[in-house]
Structures are given as structure tokens and as C-alpha cells.
Amino acid sequence: MSITGSVPGTDKRGLRELGAEEKVGWDEVTQGVTLNSFVGDAADIVHKKAEERNYNDFNSYTATVASWRIIKPVYNRDICIDCQNCWVWCPDTSIISRDKQMLGIDYDHCKGCGVCVEVCPTNPKSLLMFGEAEENDKALSAWPEKKKKEK
Amino acid sequence: MAKEFELNEVEVWDGNYAASQALRQAQIDVVAAYPITPSTPIVEGYGSYVANGYVDGEFVMVESEHGAMSGCVGASAAGGRVATATSSQGFALMTEVLYQASGMRLPIVLTVVNRALASPLNVRGDHSDMYLGRDSGWIQIDAFDAQEAYDLALCAFRIGEHLDVRLPVMMHQDGFTTSHKAQNVYPLKDSVAYKFVGEYVPVDDMLDFSRPVTHGAQTEEDWHFEHKAKQHKALMDSRTVIDEVFADFKKLTGREYKRVESYMMEDAEVALVLLGSSVETAVLAAKQLREEEGIKVGIVAPRCFRPFPYDLVREALDVPSLKAVCCMDKSAPGGAMGALFNEVSAAAYSTEARPMMTNYVYGLGGRDFAVDEAKRIMKEQKAHADAGHITTDIQQFSGLRGPKLGFFQTRRD
Amino acid sequence: MAITSIKNLKEFSTNNDRFEGAHLLCPGCAHSMIVRELMNCTDDNLVIASNTGCLEVSTAVYPYTSWDTSWIHIGFENAATAASCAESMYKARKNKGTLKDPDAPVKFVAFGGDGSTYDIGFQWLSGAMERGHDFTYICLDNENYANTGGQRSSATPVGANTSTAQAGSHSYGKKQKKKDMVAIMAAHGAPYVAQLAPNKWKSMAKGFQKALETEGPCFINTVSACTTEWKFDPKDTINVTDLATDTLMFPIYEIIDGHELNILYRPKNILKVEDYLGAQGRYRHLFKPENKHVIERIQKDIDEKWEFLQRREEARI
């Protein structure tokens, strides 16, 4: 469900584990500890989707925190109503929405907090937490039925 | 457009006014400042230029000196020329941000009017604040009189903003003895001064939205050391740029500045090393003593306190005839030898003559340092030279009331 | 163009994020929900300053930045000064014609946690507000020094257990009331001051847009539920925030020009404060019989504050 590499050559999502970057010497670190977020002209970045942007290696977009996760959200497109609750409350910019549609989860940046599942209003939920090792297809095949309202 | 300020060929200015005129002529974009004695007139002078249309930039009167330097950092990262002024307690309050400014490689100019640090509270001039800044990663240049306060403030922008340097610069002058003493000053015309300082060239400009930049990132044990080493190298290497700027300034004005000023050292048998407005006193005393008693005294004055000019101090002291050197520190050393003593001794250690080194602490809290006292200290150095060993304590106090105070002796038995 | 559509979440979600993932904030941290919403509610250029704190230490650790806009951190206390003097530089350069793109719209924003806003950076913030710069200061109020492991701040509420105001056999936790920062900022005469919460995303986005569009210094206190130090499951960040707003522990309101108060959210069913306290580990000790009086005091404070806010709103003065 991750859209890593959906636009080849431009989407640098989750290239490296944090800390796995090359440790360069004093002569190669940036002057004044500055970090540039993009390569080239980025004046109109706000109007570009992530996969259209030319991210610099300094941008945390190019890193992954997937290893933080012990449980993961799995997304069920069949039930989703594209309300975008999960998008607005995701603390890790990991709900991928395009053109008002929820596309999936960015597993390189998702830390598995589970907020998206909590705020999902469908019945049954369109997002559920599973163990990190669980295969998504298997999770989807065992999706729960609609729950009756608890009194 | 700011109005041109009509200046005479010779003006009678004190050090504060001279510095404030230099700031005006540099066409600073943002001055963020907070007043404190004895540097207040710099800020007030600038305020009057703002009020009367001589300045195009913004003048932000903040709520503290910490705020002043914080504002300078924020403004400087936003890609323009920035300066402020302070003294003493204000300088101490700024200290946290001084380190941040240099680590972030922002070429802010800070005109410091040197003053003692409390406690006890004291508004007079000594070098405690200047010494407090010596590990902060700033270039520190010392003006000995009002003309120099003007000249070197203009140079400070050129040096700090040079793309090979990109470091903040402190331009020091002594509280009251320089800041409030009026003298003849030869200013440059506004246009000439600005042409010398030059247009500001932004680097990692927060207002260049085509290139979003993060300033002030955190570094831990895997990156911090490399960044500090890179910063240190830039500071050490700034020596070349300082020399270049001084050379250009001489071409423009005929006034010559060196990272280390030395006087009558060619044949000196004894020497005093000191900073600031006392240099003039010491030079006068040395001249008199040469005439009156034939004692060959020389004076060495590091104009550039940081980066410390080990090379040029060593060169100045590498005189075969030199036997005794006294380093004069105008700051309470707090359980050590004075900083000047330590650093000059380190430079002198590799000279051929390897002179005897002693230390005087003097002038604290604005205590006067007069020609007679300078001569007494010079004669004492001559006594060391004649005896072939240091005849007093290594560290002594000049102009102090009460029983004689001194520390450490060289044993010769 | 400056303001993006917040008519509904679907519209809102068409914005391209400028706050990137793989930052180091805790799973479920509300800080990033708030920051994302601020950055998504405008497409103007942003110059953002952050005080030292959770947000800063998690989003700009060399060699990574999570910020797609200009961003600066200096120290613990001075983001308001950094943002406000960057704004002065903008004015100076615009006047002199040295900006690369002088017509590009730009907004200046400072973020601070409650420690840096209510305590150590109080003076810097007050100075910047008084000077009247055109900028917005947003406090991410998680009611403690979370970045250093949960010490009390002057934003910590009565009865909370923190590492420096501990609950124990002789103590029920923090004894002092939370500082009323919103009132203090309103007293500066700021044109727009508000208290907002991320669970009420629309009022928060509206408030952010209002602050960004209002000329002059604006202040917003946002409740930022802290899974680590409030001690609740990371998934419950929004649930706990719902309880904060529905018990009126965190009333949502704005104050315009220092006096005109508008309540922005009125819970249909006002819940008892026990519901909020019981959802968090930091208040667990309050449910011991000997601490019943503390819960009563908290409820009384809430009721009085709500009464005050309603009367202020009605008074229209």
C-alpha cells in the first residue's frame, strides 16, 4: 500500500534509516549547520505534491522511521468514505491523500501510533491496527463485519 | 532613500559617536538594541539618525540584551546587514546568543564599549566583558581611540561578511576613556564609506523562498565536533581577510592597522604587552623612559584579540635583545594568570630569546593607569633583565591599595 | 490565494504538506498535528522560528530537517524575537529592494512549548508582542517540560504529577494554578489571541488563518496532548483532547483587540472533569480518597472560568 517510488526518480521517500547517512568530515559539513530542504528552485513547492518535489537528502522525507513501529495500520479501501479524518490528525504526515481521495499509508514515516484508527468514523473501521509482521492481504481478508451499535 | 549626512573633513567625536556614525554609514538593515552604560550613546546616536531620515533600515528597541542579540540572529538569518552595541552586564546577558550567532556563521557586528562586570556593580571601563567573549567564536578587534573606533567599525563589516569568513565581529573600545573622550576624527564621506563596506551578500537567506533553509539544527556526538572544527578553522583563517581589509583601508585613507601593533620593539630589552586605551599611555611612558634613563622599552598591542595572533605576537617578541616582558591584563583573572599573559607567553615560548614573562592585573573597574605607573612597571622589568631572573612575584597588581598582593615566584636556588 | 480552503476536510486535504515525516516526535504527538494544520491552512511562504523544545529537537537534528519552509532555532527563549526581527528584516529589505522576490507573500510564525512560552521565554514573547511586529506566536501547550522528561512548568495544572512537582505521601502534585497566558497576551492589546485545540480542527484552522491574516502580533495557545508525560496510549491523543474540550478544561475561545471575547466551542454535553483526569496517568493519584478535594477544586476552577468566559462574551465589551 505504500506508494514509495510511484514516480521513479523523483520520489525519494524513506531512502535511509535515520543515522545511516554518510558521516562526512569537518570539511564537508554545511557552513553554519544549515540544511537545505530541496535541490534546485523550490519557490513553488507548496503547489507541488511530494512525488513532484526534488527533495534534498537533508530532508527527513528521505529518511524512514519504519523501525519504530511494532503495530501498523492497515487500510481497507472498500469501506473508506474519504472523510480525511485520518489525514488531518496523522502526526507523521503518513496518510497519503490525493484529489480528496485517501490512497494509503506511508509506511516509511508511519510510527504506528494508531490515531488514524481511532478517528476513523466508518463501521467497520477502514483502518485497523495489526502486528507489524502481519501481511496486509491477510489482514484485509480477515476484516471484521459491521458492528451493531452498542447501547 | 536615506539623507546624506554632511560631515566635515575633521569632526570632534568621542568613541561612541564615531562608532554610531560608522554604523549609519554601513546602511544596516536591522539594528536590534538595548541601551547600557557606557555604550548607550551609540544606540541613541543611531536613534537620532532614524528619527531624522538618515537611515533606511529598521531600528528595533528590544526588551533586553539577550533579546537584542537574539533579534540580530533572526534578522541576520533573514539575509541582511545587522549590528548592535552593548557593554558589561548587557554583554554577559547576551553571552548565550553570542555562541549561537558564531555557530550559525552569521556576520553580525557588535560594537562593545568595554566595562567591568559585577559584582560589585561598576560602570567604568575594564576588559572583563571583552575577555568574557574570548571563547565565543567571534572575531574581536580592539580600537584604542575614537578614530580607530570609527575606522575599525567600517572594517568589521567587511571582515565578518567576507564569504570566506562569515563570522560575527566584535569591535571593542574602552568605556569612558575612549567612548566618552572627544578627539579629532577624520570621517569618510557617506558614499565613500559605504563603497568601502560594500553591498551585503546574503547566504542561506531565509527570505529567499526558492531555497528553503533550516537554521540552528541540533548536532549530537556524531556531528557536533566536525561543525565546531569547521567554525574554528574559519576563525583562524580570518587572519588573511583581516590583513586584506586593513590593507584596503590603508589604500583608501592612509591609516594603517595591523593585527598586532608594536612600538619601538626593534632594539627593546624589556616590553609591555597590553590592549586598549592604555596602549597610548604605555607608548608615551616608554618614549620618556628611553629618553630619561636610556631603558630600551618596547610596546606590543594585539589589536586582534580573536583570532589571537600567535604568529605576529611571536614575531613582535622575537627580538634577540629582549629579556623581560610584562603582560598587562585589565580583567580579574578569577584564579589564574591573566589571559593575555597566558596567550602571549605561549607565543613567546618559541622565540629565540625566550624572555622572562610576568603578569600585572591593572585598571579594574576603571582604576586609572597613568604614565608614572607604566614607567615603574617598565623599570621593574629592567630590574628582572639585569638580575637575570624575575625579582618579583610573577603575577602582581598595579594601582591596588593595601598590602602588596602577588602570586607565584620562580625559584633560583 | 494566501488562504487555503477549509470548507471541509476533503477540500483541506488537497493541500500539499510542508511538514515532513520521519521527524522524531513521539508516536501520537499532538505537536505535529497542530504544526501540520498551521502549515496547511495557507499557501503563503512561511518563516518559522522554534524555541528549544520537543518540536525543535525532533524536527531539525543534523543532517535532517522536516521543514519545507524557512526555519530557525536559536535558543530556548527567543523564537518570538527571531521571528519578529526576521519580520523587521523583511520590511527593511522590501523597502530597500533587496528581496529576491519582493511580491511573494510571507508570514512569520514562532512556535514554543509551554515551558518556553509561559516560563523561560515569557519576556522575549512579551517584548515582541509589545513591539507590534506582524507575526503569529503559537504555543504548543502540553503543560510540562516534556522534552526534558516531564518537569512542572507554570502551565502545569493543579494536581498534575510531574517529576518536579511529584505526587507522593505528602503531596498531590502541583499546587499552583496554571498561568492564564491567553489573558496576559490579550492584555498586551494584541489584535488576535485565541485558545484552540486540534480535535476541533476547523476552529483551529480558522483561528490560524485569522491570526496569519491579521496584521500585528497574534498569539494562540493550543492544547497539545502529550502521550508520554500525560500518560495515555498514543492512539488516544484526539480522544483525550476531546475530553479536554468537552469538560471545559480547555475552553476554546478568541479575544479580539484585547477585549472582544468569543467562545468558539460549546460542548453539547459538558462532561465532569473526572472523565478527563481519569484518562491520564498523571492524575491517577487524585482518585485516592484523600485527594478528592483536589478534584473538587479543579472542577470549581473550571466552572468559575466558564462562567467568567460566558459573561465576558455576553458583555460585548
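Predicted model: local features only at pLDDT ≥ 70, side-chain atom pairs only at ≥ 80, totals over all residues.
1. Overall form of chain C. Chain C contains 12 helices and 10 strands. Along the principal axes, the C-alpha atoms of chain C fill a box of roughly 70 × 50 × 40 Å.

2. Burial and contacts within chain C. Of the 317 residues in chain C, 61% are buried. When contacts between residues at least 6 apart in sequence are taken, 69% of those in chain C join residues at least 24 apart.

3. An open sheet of 10 strands takes in strands from chains A, B and C, in the order β2(A)-β9(B)-β2(C)-β1(C)-β3(C)-β4(C)-β8(C)-β7(C)-β9(C)-β10(C). The pairing in this sheet is mixed. The edges are β2 (35-36) of chain A and β10 (260-263) of chain C; each has a single partner strand, so one side of each is left without a neighbour in the sheet.

4. Where chain B meets chain C, strand β9 (residues 213-215) of chain B pairs with β2(C) in the parallel sense, over 2 bridges. His215(B) is opposite Ile72(C) in this pairing. Within chain C, strand β3 (residues 106-113) and strand β4 (residues 136-141) run parallel and are joined by 5 bridges. Ala110(C) has Tyr137(C) in β4(C) as its bridge partner.

5. Helix α12 (residues 292-315) of chain C lies across β9 (253-256) and β10 of chain C. The helix runs at about 120° to β10(C).

6. The contact between chains C and B. Here 41 residues of chain C are in contact with 37 residues of chain B. On the chain C side, β1 (45-50), β2 (70-73), α4 (79-96) and α6 (122-131) each supply at least two residues. The largest share comes from α4(C), with 13 residues. By class, this side of chain C has 20 nonpolar, 14 polar and 7 charged residues.

7. The contact between chains A and C. This contact takes 44 residues from chain A and 38 residues from chain C. Elements of chain A that each supply at least two residues to the side touching chain C are β3 (63-64), α1 (85-89) and α2 (115-119). That side of chain A divides into 21 nonpolar, 13 polar and 10 charged residues.

8. Domains of chain B. Chain B is divided into domain 1 (11-253) and domain 2 (260-407). Taken over C-alpha atoms, the centres of the two domains of chain B are separated by 29 Å. Their contact takes 27 residues from domain 1 of chain B and 19 residues from domain 2 of chain B. On the domain 1 side, two or more residues are given by each of α5 (128-132), β6 (139-142) and α8 (224-253) of chain B. With 5 residues, α8(B) gives the most to that side. The domain 1 side divides into 11 nonpolar, 9 polar and 7 charged residues.

9. An enclosed strand in chain B. In strand β7 (residues 169-174) of chain B, 6 of the 6 residues are buried, so the strand is largely enclosed by the rest of the structure. In a regular strand, side chains alternate between the two faces of the sheet. Both faces of β7(B) are covered, with Val169(B), Met171(B) and Gln173(B) buried on one side and Met170(B), His172(B) and Asp174(B) buried on the other.

10. Partners of that strand. Strand β5 (residues 109-114) of chain B pairs with β7(B) in the parallel sense over 6 bridges, and Val113(B) is opposite Gln173(B). β6(B) also runs parallel to β7(B), joined to it by 4 bridges, with Asp142(B) opposite His172(B).

11. A buried glycine. Gly338(B) lies in the loop between β14 (324-329) and α11 (339-348) of chain B. Gly338(B) counts as buried because 22 other C-beta atoms lie within 10 Å, the cut-off being 20 or more. Leaving aside neighbours within four places in sequence, Gly338(B) is in contact with Cys327(B), Asp329(B), Ser331(B), Pro333(B), Asn359(B) and Val361(B). Thr358(B) is 20 residues from Gly338(B) along the chain, and their C-alpha atoms are separated by 9.9 Å.

Definitions and conventions: Residues numbered from 1 in each chain as written. Chains lettered and ligands numbered in written order. Contact = placed C-beta atoms within 7 Å. Nonpolar A, V, L, I, M, F, W, Y, C, P; charged D, E, K, R; others polar. Pairing = 2+ DSSP bridges. Domains from an automatic or database assignment. Buried ≥ 20, exposed ≤ 12 C-beta atoms within 10 Å, placed from the backbone. Axes fitted to C-alpha atoms, helices over the stretch in contact; angles between N-to-C directions.
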